[in-house]
Amino acid sequence: MSGRVGDLSDEQLAVLDEFRGTMDDILRPHHDDYFLSRWLRAKNYNLTEAVNMLRTSLQWRNQMKADTLIDEYDPPEVLLKYFPGGLIGHDKEGCPLWIIPFGNMDIKGLFYSVKKSEFIKYIVKLMEVSEQEMRDQSERLGRVVETHSIIFDLENLTMKQVAWKPAIDMITQLVKLFEDNYPERLKKAYVVNVPKFFPVAYALVKPVLSDETAKKIHVYMKETWKPALLEDIDSDVLPAYWGGSRSDDDDDPKVSSIICQGGAVPCSSYTAPSRRLSIDQNMTSAVVEKKTELPIEFQVTEPGSVLQWEFQTEDYDIGFGVYCKSENGEQKELIPIQRVNCHLVPEDGMVVCDTAGTYILKFDNSFSWCRRKRLMYRVEVMPPTKKEEMKEITQNSENIPV
């Protein structure tokens with residue numbers, strides 16, 4: 001039995017009845033059996049866990065004022081103009097379909113321009129739009145529509161976007177928010193135009209995904225995704241850029257009138273960025289004296305590990321580079337020394353360590369004859385993503401070489 005309404009075992013029906021009775025004090029008329037069964041499925045029909053999950057979520061909705069966000073919340077203009085994505089229509093089964101050109105998102109620019117709370121509230125509003133569209137579709141079609149699909153296009157996604165810790169923290173927080181408050185809403189996620197380093201990024205997000213959600217994520221490493229999309233989506237719904245036949249009035253194959261394409265946020269939109277970064281948490285402090293360098297060594301034991309960093313200085317810039325030390329002591333340059341304005345905007349990045357050994361982050365203040373630099377930094381060594389994990393990522397997608 002699937003645990004869905006109309007396909008419940010006697011035991012599941014009994015749990016559903018008990019769930020309804022236990023939650024009766026806070027349920028509303030629209031909280032029907034379809035609604036309740038989603039929470040039970042999310043917890044494998046464990047009544048205690050489902051009760052705790054739903055009560056916590058309803059409290060969260062009240063605090064977030066989620067029920068009124070669509071009509072009463074006006075997001076900052078920078079989010080409307082530069083957060084990529086849009087509701088493009090419905091798939092062949094009538095489920096809402098979103099396209100998110102995620103690779104075009106200037107995550108750092110958005111974070112520098114709006115408060116974290118505004119960013120989260122805007123995402124929740126988009127989720128509420130999808131919730132409303134599912135309700136509207138149910139009325140139009142005369143049957144319950146309770147899932148939506150999302151196309152995540154990772155074209156233009158860079159390693160630097162993936163490496164920035166505040167962005168990864170936000171993404172994992174949002175994934176957990178969806179899992180906790182919108183369970184069993186995802187029908188299918190199509191991840192297309194995937195870069196080679198995608199397994200690194202997925203490994204960071206995967207721990208907060210439920211097993212059922214992970215099964216619905218279909219990753220396409222090559223140009224096999226366009227036929228796959230057309231199996232589920234009519235050509236006149238899917239924009240031409242993603243393999244369909246649809247364009248807007250300006251013959252734009254991306255239908256940018258509906259799907260925001262994102263792009264670089266202008267610096268004029270920035271507000272004080274440093275107060276919204278994680279840069280002040282779990283940081284190591286150091287002083288780089290004038291006319292000197294500060295090399296910091298890290299041991300990498302497994303080839304394929306990822307060395308990730310984030311740093312900031314007070315008041316003045318500093319030089320930065322990355323090196324790998326061989327067994328004979330020679331240093332191979334991975335990232336050449338260059339001066340960075342990390343006193344204005346925190347600097348971050350990552351390298352994939354092809355070999356095990358000693359890796360050196362070098363902070364260079366040799367050009368300064370008068371000023372010492374106060375430095376704050378964080379460095380992590382992430383283990384390599386195993387081939388078995390990549391198989392798990394792609395196991396639900398067809399024609400994908402692993």
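Colleague: How many disulfides does the structure hold?

Modeller: This is a predicted model, in which local features need pLDDT of at least 70, side-chain atom pairs count only at pLDDT 80 or more, and totals for chains, interfaces and linings use all residues. Residues are numbered from 1 along each chain as its sequence is written, and side-chain values use heavy atoms, with hydrogens and water left out. A disulfide is a pair of cysteine sulfur atoms within 2.5 Å. Under that criterion, the number of disulfides in the structure is zero.

Colleague: Which cysteine sulfur is nearest to that of Cys260, and how far away is it?

Modeller: Cys260 takes part in no disulfide. The nearest cysteine sulfur belongs to Cys267, at a distance of 18 Å.

Colleague: Is Cys260 buried or exposed?

Modeller: Buried means under 20% relative accessible area and exposed over 50%, with partly exposed in between (1.4 Å probe, protein chains only). The relative accessible area of Cys260 is 15%, so this residue is buried.

Colleague: Which residue of S13 is the bridge partner of Leu307?

Modeller: Strand S8 (residues 306-313) runs antiparallel to strand S13 (residues 373-382), and eight bridges join them. In S13, the partner of Leu307 is Val381.

Terms used: Two strands pair if DSSP finds at least two bridges between them. Helices (H or I, at least four residues) and strands (E, at least two) are DSSP runs, numbered from the N terminus.
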